[in-house]
Amino acid sequence: MNDQAQRLRELAVDQQLSSPRKETGAGSVRRAKNAPQSISVTSGKGGVGKTNCALFLATAFAAMKKRVLLLDADLGLANVHILMGIAPRKTIADVVAGTCRINEVVTTTPGGFDIIPGASGLEKMAILDRGRLELLQREFRRLETRYDLLLVDTGAGIGTAVTQFASGTDLTLVVITPEPTSLADAYAMVKVLSERTDHPIGIVVNMAVSDREGSEIFDRLNALVVKFLKRSLEHYCTLPQYREVGQYVRKQRLLLLEKSNTVFSRRIYQLAARIAGSGTPVKSGFFDRLVQGMRNK
Ligand SMILES: Nc1ncnc2c1ncn2[C@@H]1O[C@H](COP(=O)(O)OP(=O)(O)OP(=O)(O)O)[C@@H](O)[C@H]1O
Ligand SMILES: [Mg+2]
(Lines give C-alpha, C1' and ligand atoms only; values in the text may rest on other atoms or scores of the structure.)
(Ligands and ions follow the chains in the order given, each with its own letter.)
Protein backbone atom coordinates (compact mmCIF):
# COMPACT_ATOMS: atom_id res chain seq x y z
CA MET A 1 0.00 0.00 0.00
CA ASN A 2 2.87 2.39 0.85
CA ASP A 3 4.55 1.85 -2.52
CA GLN A 4 1.26 2.42 -4.27
CA ALA A 5 0.60 5.59 -2.31
CA GLN A 6 4.12 6.86 -3.11
CA ARG A 7 3.68 6.22 -6.86
CA LEU A 8 0.33 7.93 -6.72
CA ARG A 9 1.85 11.01 -5.09
CA GLU A 10 4.61 11.17 -7.73
CA LEU A 11 2.05 10.96 -10.50
CA ALA A 12 -0.05 13.65 -8.87
CA VAL A 13 2.93 15.99 -8.53
CA ASP A 14 3.80 15.44 -12.25
CA GLN A 15 0.23 16.28 -13.11
CA GLN A 16 0.25 19.46 -11.05
CA LEU A 17 3.45 20.62 -12.67
CA SER A 18 2.32 19.90 -16.20
CA SER A 19 -1.20 21.36 -15.94
CA PRO A 20 -1.64 25.08 -16.43
CA ARG A 21 -3.44 26.66 -13.50
CA LYS A 22 -6.62 28.28 -14.68
CA GLU A 23 -7.47 31.42 -12.78
CA THR A 24 -10.78 33.17 -12.83
CA GLY A 25 -12.02 36.74 -12.60
CA ALA A 26 -9.28 39.26 -11.95
CA GLY A 27 -6.66 36.53 -12.19
CA SER A 28 -6.43 35.48 -8.59
CA VAL A 29 -8.32 32.98 -6.50
CA ARG A 30 -9.58 34.50 -3.29
CA ARG A 31 -11.65 32.70 -0.76
CA ALA A 32 -13.04 33.39 2.64
CA LYS A 33 -10.44 33.14 5.37
CA ASN A 34 -9.91 29.45 6.12
CA ALA A 35 -12.79 28.29 3.93
CA PRO A 36 -11.84 25.32 1.77
CA GLN A 37 -12.66 25.14 -1.92
CA SER A 38 -15.90 23.19 -2.11
CA ILE A 39 -17.04 20.97 -4.95
CA SER A 40 -20.28 19.03 -5.17
CA VAL A 41 -20.85 16.04 -7.42
CA THR A 42 -24.40 15.62 -8.61
CA SER A 43 -26.32 14.44 -11.68
CA GLY A 44 -30.08 14.30 -11.62
CA LYS A 45 -30.19 10.70 -12.82
CA GLY A 46 -29.10 7.94 -10.47
CA GLY A 47 -26.35 5.42 -11.05
CA VAL A 48 -24.24 7.52 -13.42
CA GLY A 49 -21.06 7.37 -11.33
CA LYS A 50 -21.28 10.33 -8.90
CA THR A 51 -19.97 8.48 -5.86
CA ASN A 52 -17.16 6.86 -7.81
CA CYS A 53 -16.17 10.24 -9.29
CA ALA A 54 -16.21 11.82 -5.82
CA LEU A 55 -13.94 9.05 -4.56
CA PHE A 56 -11.60 9.29 -7.57
CA LEU A 57 -11.27 13.01 -6.98
CA ALA A 58 -10.79 12.68 -3.22
CA THR A 59 -7.98 10.15 -3.79
CA ALA A 60 -6.35 12.33 -6.45
CA PHE A 61 -6.52 15.49 -4.31
CA ALA A 62 -5.08 13.63 -1.34
CA ALA A 63 -2.20 12.40 -3.51
CA MET A 64 -1.64 16.05 -4.49
CA LYS A 65 -1.07 16.71 -0.78
CA LYS A 66 -4.38 18.46 -0.30
CA ARG A 67 -6.27 17.98 2.94
CA VAL A 68 -9.58 16.60 1.76
CA LEU A 69 -12.91 16.07 3.46
CA LEU A 70 -15.57 14.12 1.57
CA LEU A 71 -19.10 14.56 2.85
CA ASP A 72 -21.55 11.83 1.98
CA ALA A 73 -24.63 13.97 1.40
CA ASP A 74 -26.72 11.23 -0.18
CA LEU A 75 -29.48 11.49 2.40
CA GLY A 76 -31.39 8.61 0.83
CA LEU A 77 -28.81 5.88 0.28
CA ALA A 78 -25.40 6.80 1.64
CA ASN A 79 -22.64 4.58 0.34
CA VAL A 80 -19.30 6.42 0.21
CA HIS A 81 -17.96 4.29 3.09
CA ILE A 82 -19.29 1.08 1.55
CA LEU A 83 -17.21 1.64 -1.58
CA MET A 84 -14.10 1.56 0.62
CA GLY A 85 -15.20 -1.33 2.82
CA ILE A 86 -15.40 0.94 5.87
CA ALA A 87 -17.95 0.28 8.60
CA PRO A 88 -18.16 3.58 10.50
CA ARG A 89 -19.16 3.45 14.15
CA LYS A 90 -20.91 6.78 13.85
CA THR A 91 -22.43 8.67 10.96
CA ILE A 92 -23.89 12.06 10.21
CA ALA A 93 -27.18 10.63 11.54
CA ASP A 94 -25.70 10.62 15.06
CA VAL A 95 -24.66 14.24 14.67
CA VAL A 96 -28.10 15.23 13.44
CA ALA A 97 -29.69 13.30 16.32
CA GLY A 98 -27.48 15.23 18.72
CA THR A 99 -25.84 12.14 20.20
CA CYS A 100 -22.30 12.98 19.11
CA ARG A 101 -20.10 15.83 17.92
CA ILE A 102 -19.08 16.22 14.30
CA ASN A 103 -15.42 15.51 15.15
CA GLU A 104 -16.33 12.04 16.35
CA VAL A 105 -17.81 11.14 12.98
CA VAL A 106 -14.88 12.15 10.79
CA THR A 107 -13.27 8.96 9.54
CA THR A 108 -9.84 8.62 7.92
CA THR A 109 -9.70 6.41 4.84
CA PRO A 110 -6.99 4.35 3.11
CA GLY A 111 -7.02 7.01 0.36
CA GLY A 112 -5.46 9.58 2.69
CA PHE A 113 -8.60 11.71 2.91
CA ASP A 114 -11.31 11.99 5.54
CA ILE A 115 -15.01 11.33 5.16
CA ILE A 116 -18.15 12.23 7.00
CA PRO A 117 -20.07 9.00 6.49
CA GLY A 118 -23.69 9.40 5.56
CA ALA A 119 -26.76 7.48 6.61
CA SER A 120 -30.08 6.76 5.00
CA GLY A 121 -33.38 8.49 5.78
CA LEU A 122 -31.78 11.80 6.74
CA GLU A 123 -34.22 14.10 4.98
CA LYS A 124 -35.17 15.24 8.50
CA MET A 125 -31.99 17.28 8.53
CA ALA A 126 -33.86 19.90 6.53
CA ILE A 127 -36.29 20.51 9.40
CA LEU A 128 -33.84 20.88 12.28
CA ASP A 129 -34.79 23.60 14.71
CA ARG A 130 -32.89 26.86 14.68
CA GLY A 131 -30.80 26.22 17.79
CA ARG A 132 -29.68 22.83 16.55
CA LEU A 133 -28.85 24.21 13.12
CA GLU A 134 -26.72 26.93 14.66
CA LEU A 135 -24.82 24.43 16.77
CA LEU A 136 -24.15 22.27 13.71
CA GLN A 137 -23.11 25.31 11.73
CA ARG A 138 -20.53 26.27 14.37
CA GLU A 139 -19.14 22.74 14.53
CA PHE A 140 -18.94 22.38 10.74
CA ARG A 141 -17.35 25.81 10.41
CA ARG A 142 -14.58 24.81 12.81
CA LEU A 143 -14.12 21.51 11.02
CA GLU A 144 -13.89 23.11 7.57
CA THR A 145 -10.84 25.14 8.52
CA ARG A 146 -8.79 21.95 8.76
CA TYR A 147 -9.17 21.19 5.05
CA ASP A 148 -8.10 22.55 1.67
CA LEU A 149 -10.91 20.89 -0.20
CA LEU A 150 -14.41 19.83 0.64
CA LEU A 151 -16.08 17.35 -1.69
CA VAL A 152 -19.81 16.74 -1.44
CA ASP A 153 -21.33 13.61 -2.94
CA THR A 154 -25.06 14.15 -3.42
CA GLY A 155 -27.88 11.71 -4.01
CA ALA A 156 -29.82 11.35 -7.25
CA GLY A 157 -32.79 13.51 -8.19
CA ILE A 158 -33.47 17.23 -8.18
CA GLY A 159 -35.29 17.49 -4.85
CA THR A 160 -34.50 20.18 -2.29
CA ALA A 161 -32.29 17.90 -0.20
CA VAL A 162 -30.02 17.36 -3.21
CA THR A 163 -30.05 20.82 -4.74
CA GLN A 164 -29.30 22.55 -1.42
CA PHE A 165 -26.06 20.61 -1.16
CA ALA A 166 -25.27 20.92 -4.86
CA SER A 167 -25.77 24.68 -4.98
CA GLY A 168 -23.91 25.46 -1.74
CA THR A 169 -20.46 24.69 -3.17
CA ASP A 170 -18.08 26.88 -5.17
CA LEU A 171 -18.26 24.50 -8.11
CA THR A 172 -20.84 21.89 -9.04
CA LEU A 173 -19.81 18.94 -11.16
CA VAL A 174 -22.72 17.36 -12.97
CA VAL A 175 -21.95 13.81 -14.02
CA ILE A 176 -23.70 12.62 -17.16
CA THR A 177 -23.57 9.52 -19.30
CA PRO A 178 -24.38 9.27 -23.01
CA GLU A 179 -27.91 8.01 -22.25
CA PRO A 180 -30.73 10.39 -23.23
CA THR A 181 -32.32 10.00 -19.79
CA SER A 182 -29.11 11.19 -18.15
CA LEU A 183 -29.04 14.21 -20.45
CA ALA A 184 -32.67 15.09 -19.68
CA ASP A 185 -32.13 14.77 -15.93
CA ALA A 186 -28.89 16.74 -16.06
CA TYR A 187 -30.69 19.54 -17.90
CA ALA A 188 -33.37 19.57 -15.17
CA MET A 189 -30.61 19.73 -12.53
CA VAL A 190 -28.81 22.60 -14.29
CA LYS A 191 -32.12 24.46 -14.54
CA VAL A 192 -32.79 24.14 -10.80
CA LEU A 193 -29.19 25.04 -9.93
CA SER A 194 -29.35 28.09 -12.17
CA GLU A 195 -32.41 29.32 -10.31
CA ARG A 196 -30.50 29.06 -7.02
CA THR A 197 -27.02 30.28 -7.93
CA ASP A 198 -24.80 31.50 -10.75
CA HIS A 199 -21.70 29.61 -9.63
CA PRO A 200 -19.83 27.56 -12.26
CA ILE A 201 -21.20 24.22 -13.35
CA GLY A 202 -18.78 21.71 -14.83
CA ILE A 203 -19.76 18.62 -16.76
CA VAL A 204 -18.08 15.24 -16.42
CA VAL A 205 -19.16 12.82 -19.14
CA ASN A 206 -18.80 9.34 -17.67
CA MET A 207 -18.92 5.91 -19.31
CA ALA A 208 -18.34 7.29 -22.80
CA VAL A 209 -17.17 4.92 -25.54
CA SER A 210 -14.87 7.61 -26.97
CA ASP A 211 -13.75 11.20 -26.42
CA ARG A 212 -15.71 12.12 -29.49
CA GLU A 213 -18.88 10.76 -27.94
CA GLY A 214 -18.06 12.69 -24.76
CA SER A 215 -17.73 15.96 -26.70
CA GLU A 216 -20.92 15.34 -28.66
CA ILE A 217 -22.93 14.66 -25.51
CA PHE A 218 -21.53 17.73 -23.81
CA ASP A 219 -22.30 19.90 -26.87
CA ARG A 220 -25.87 18.64 -26.93
CA LEU A 221 -26.48 19.49 -23.28
CA ASN A 222 -24.68 22.81 -23.48
CA ALA A 223 -26.66 23.86 -26.56
CA LEU A 224 -29.92 23.34 -24.63
CA VAL A 225 -28.59 25.25 -21.63
CA VAL A 226 -27.37 28.17 -23.78
CA LYS A 227 -30.66 28.33 -25.67
CA PHE A 228 -33.14 28.00 -22.82
CA LEU A 229 -31.26 28.97 -19.66
CA LYS A 230 -29.05 31.67 -21.19
CA ARG A 231 -25.87 30.44 -19.54
CA SER A 232 -23.16 27.98 -20.49
CA LEU A 233 -21.50 24.94 -18.99
CA GLU A 234 -17.87 23.85 -19.00
CA HIS A 235 -16.77 20.45 -20.21
CA TYR A 236 -14.38 19.37 -17.47
CA CYS A 237 -13.65 15.80 -18.48
CA THR A 238 -14.71 12.68 -20.35
CA LEU A 239 -14.18 9.38 -18.53
CA PRO A 240 -14.37 6.19 -20.53
CA GLN A 241 -16.36 3.10 -19.76
CA TYR A 242 -13.77 1.10 -17.80
CA ARG A 243 -14.38 -2.45 -16.59
CA GLU A 244 -12.11 -2.06 -13.60
CA VAL A 245 -14.44 0.50 -12.03
CA GLY A 246 -17.12 -2.12 -11.39
CA GLN A 247 -14.52 -4.64 -10.24
CA TYR A 248 -13.14 -2.24 -7.64
CA VAL A 249 -16.65 -1.42 -6.50
CA ARG A 250 -17.17 -5.13 -5.86
CA LYS A 251 -13.81 -5.43 -4.09
CA GLN A 252 -14.65 -2.28 -2.05
CA ARG A 253 -11.22 -0.88 -2.79
CA LEU A 254 -10.04 2.43 -4.21
CA LEU A 255 -9.21 1.97 -7.87
CA LEU A 256 -6.98 5.03 -8.04
CA LEU A 257 -4.72 3.74 -5.27
CA GLU A 258 -4.00 0.50 -7.05
CA LYS A 259 -4.24 1.50 -10.73
CA SER A 260 -2.46 4.80 -10.42
CA ASN A 261 -0.66 4.85 -13.73
CA THR A 262 -3.39 4.13 -16.24
CA VAL A 263 -5.01 6.29 -18.90
CA PHE A 264 -8.11 6.37 -16.71
CA SER A 265 -6.23 7.55 -13.61
CA ARG A 266 -4.38 10.20 -15.56
CA ARG A 267 -7.72 11.61 -16.67
CA ILE A 268 -8.74 11.90 -13.04
CA TYR A 269 -5.51 13.72 -12.19
CA GLN A 270 -6.06 16.15 -15.05
CA LEU A 271 -9.56 16.77 -13.74
CA ALA A 272 -8.31 17.25 -10.17
CA ALA A 273 -5.55 19.64 -11.28
CA ARG A 274 -8.03 21.70 -13.27
CA ILE A 275 -10.43 21.94 -10.34
CA ALA A 276 -7.70 22.79 -7.84
CA GLY A 277 -6.66 25.71 -10.02
CA SER A 278 -10.11 27.06 -10.79
CA GLY A 279 -11.56 28.38 -7.57
CA THR A 280 -14.19 31.06 -7.58
CA PRO A 281 -14.22 33.69 -4.86
CA VAL A 282 -16.32 32.71 -1.87
CA LYS A 283 -17.69 34.92 0.85
CA SER A 284 -18.43 32.17 3.34
CA GLY A 285 -17.81 28.49 3.90
CA PHE A 286 -19.97 25.73 2.45
CA PHE A 287 -21.79 24.93 5.68
CA ASP A 288 -22.65 28.58 6.30
CA ARG A 289 -24.26 28.73 2.88
CA LEU A 290 -25.99 25.40 3.38
CA VAL A 291 -27.54 26.47 6.66
CA GLN A 292 -28.49 29.84 5.19
CA GLY A 293 -30.23 27.97 2.34
CA MET A 294 -32.12 25.80 4.84
CA ARG A 295 -33.25 28.85 6.78
CA ASN A 296 -34.49 30.63 3.68
CA LYS A 297 -36.51 27.65 2.51
N1 LIG B 1 -16.36 4.89 -15.85
C2 LIG B 1 -17.04 3.79 -15.51
N3 LIG B 1 -16.89 2.65 -16.22
C4 LIG B 1 -17.59 1.55 -15.90
N5 LIG B 1 -18.49 1.47 -14.90
C6 LIG B 1 -18.70 2.59 -14.18
C7 LIG B 1 -17.99 3.79 -14.42
N8 LIG B 1 -18.40 4.71 -13.53
C9 LIG B 1 -19.33 4.11 -12.76
N10 LIG B 1 -19.50 2.83 -13.14
C11 LIG B 1 -20.44 1.84 -12.57
O12 LIG B 1 -21.64 2.50 -12.25
C13 LIG B 1 -22.10 2.07 -10.98
C14 LIG B 1 -22.77 3.24 -10.28
O15 LIG B 1 -21.77 4.13 -9.87
P16 LIG B 1 -21.99 5.11 -8.62
O17 LIG B 1 -22.48 4.37 -7.44
O18 LIG B 1 -20.74 5.90 -8.49
O19 LIG B 1 -23.17 5.99 -9.22
P20 LIG B 1 -24.01 7.11 -8.46
O21 LIG B 1 -24.35 8.13 -9.50
O22 LIG B 1 -23.31 7.57 -7.26
O23 LIG B 1 -25.32 6.31 -8.05
P24 LIG B 1 -26.49 6.80 -7.07
O25 LIG B 1 -27.34 7.75 -7.86
O26 LIG B 1 -27.21 5.54 -6.71
O27 LIG B 1 -25.83 7.47 -5.89
C28 LIG B 1 -20.88 1.56 -10.24
O29 LIG B 1 -21.21 0.48 -9.44
C30 LIG B 1 -19.92 1.17 -11.30
O31 LIG B 1 -19.97 -0.22 -11.50
MG1 LIG C 1 -23.93 7.65 -5.24
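Gln252 lies in the loop between helix 8 and helix 9 (255-258); helices (H or I, at least four residues) and strands (E, at least two) are DSSP runs, numbered from the N terminus. The phi angle of Gln252 is near 55°, a positive value in a residue other than glycine. Gln252 is exposed, with 12 other C-beta atoms within 10 Å. A residue is called buried if 20 or more other C-beta atoms lie within 10 Å of its own, exposed if 12 or fewer, and partly exposed in between, with C-beta atoms placed from the backbone.

The model is predicted: local features need pLDDT of at least 70, side-chain atom pairs count only at pLDDT 80 or more, and totals for chains, interfaces and linings use all residues. Residues are numbered from 1 along each chain as its sequence is written, while chains are lettered from A and ligands numbered from 1 in the order in which they are written.

A positive phi also occurs at Met207, where the value is near 60°. Met207 is found in strand 7 and is buried, with 20 other C-beta atoms within 10 Å.

Strand 7 (201-208) also takes part in the shell around ligand 1, as one of the elements that give two or more residues to it, together with helix 2 and helix 8 (243-251). Of the 19 residues around ligand 1, Gly46, Gly49, Thr51, Asn52 and Gly246 come nearest; a residue counts as near if its C-beta atom, placed from the backbone, lies within 6 Å of the molecule. By class, this shell has seven nonpolar, 10 polar and two charged residues. Here Ala, Val, Leu, Ile, Met, Phe, Trp, Tyr, Cys and Pro count as nonpolar, Asp, Glu, Lys and Arg as charged, and the others, Gly among them, as polar.

The largest nonpolar core has 81 residues, and Leu57, Phe61, Leu151 and Ala272 have the most contacts inside it. Its largest share, 10 residues, comes from helix 2 (residues 50-63). Such a core is a set of buried Ala, Val, Leu, Ile, Met, Phe, Trp, Tyr and Cys residues joined through C-beta atoms within 7 Å. Leaving aside neighbours within four places in sequence, Phe61 is in contact with Lys66, Val68, Phe113, Leu149, Ala272 and Ala276, contact meaning that two C-beta atoms, placed from the backbone, lie within 7 Å.
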